[in-house]
Amino acid sequence: MTKTFHSEQEKLLHQINLISFVVVEMTLYLDTHPNDYEAIEYLKHYVRMKDRAMHDYAAKFGPLTISTADVSDGKEWKWALTPMPWEGGCN
């Protein structure tokens, strides 16, 4: 089954959700298999992918988390200015 996306924003948010699922599952796995080097490398890869996707999303549509909020110009708190996806930010 292929998912149809109505916007680039919706597609990127879906990608972030999928990657986040992998990160959570790998974290749970490593809780019980802390010496699995391959799993650790796999997790690191997906954490980097998630970080990249979160920063891409923040640059295009506004931050999803406070860690991706842009505070570089210091003139306004942009975190509060853009609607979050659950507030209709993907429409």
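**Close-up 1. Packing of helices α1 and α2.** In this predicted model, the axes of helix α1 (residues 8–32) and helix α2 (residues 37–61) come within 9 Å and cross at roughly 155 degrees. Because of this angle, α1 is roughly antiparallel to α2 (angles under 35 degrees count as roughly parallel, over 145 as roughly antiparallel, 65 to 115 as roughly perpendicular and the rest as oblique). Axes are lines fitted to C-alpha atoms, for helices over the stretch in contact, with angles from 0 to 180 degrees between N-to-C directions. The crossing of α1 past α2 is left-handed, a term for a near helix turned anticlockwise from the far one by less than a right angle, right-handed being clockwise. The contact of α1 with α2 has 20 nonpolar, three polar and four charged residues; Ala, Val, Leu, Ile, Met, Phe, Trp, Tyr, Cys and Pro count as nonpolar, Asp, Glu, Lys and Arg as charged, and the others, Gly among them, as polar.

Close-up 2. Tyr 57 lies in helix α2 and is buried, with a relative accessible area of 1% (buried means under 20%, exposed over 50%, partly exposed in between; 1.4 Å probe, protein chains only). The C-alpha atoms of Tyr 57 and Glu 8 are separated by 9.6 Å, although the two residues are 49 apart along the chain.

**Close-up 3. Surroundings of Ile 40.** Ile 40, also in helix α2, is partly exposed, at a relative accessible area of 28%. Leaving aside residues up to four places away in sequence, Ile 40 touches Leu 30 and Pro 34 (contact means heavy atoms within 4.5 Å). A C-alpha separation of 8.8 Å is found between Ile 40 and Thr 27, 13 residues apart along the chain.

**Context for the close-ups.** The protein has two helices and zero strands, taken as DSSP runs numbered from the N terminus (helices H or I, at least four residues; strands E, at least two). Of its 91 residues, 27% count as buried.

Residues are numbered from 1 along each chain as its sequence is written. Local features need pLDDT of at least 70 and side-chain atom pairs pLDDT 80 or more, whereas totals for chains, interfaces and linings use all residues; side-chain values use heavy atoms, without hydrogens and water.
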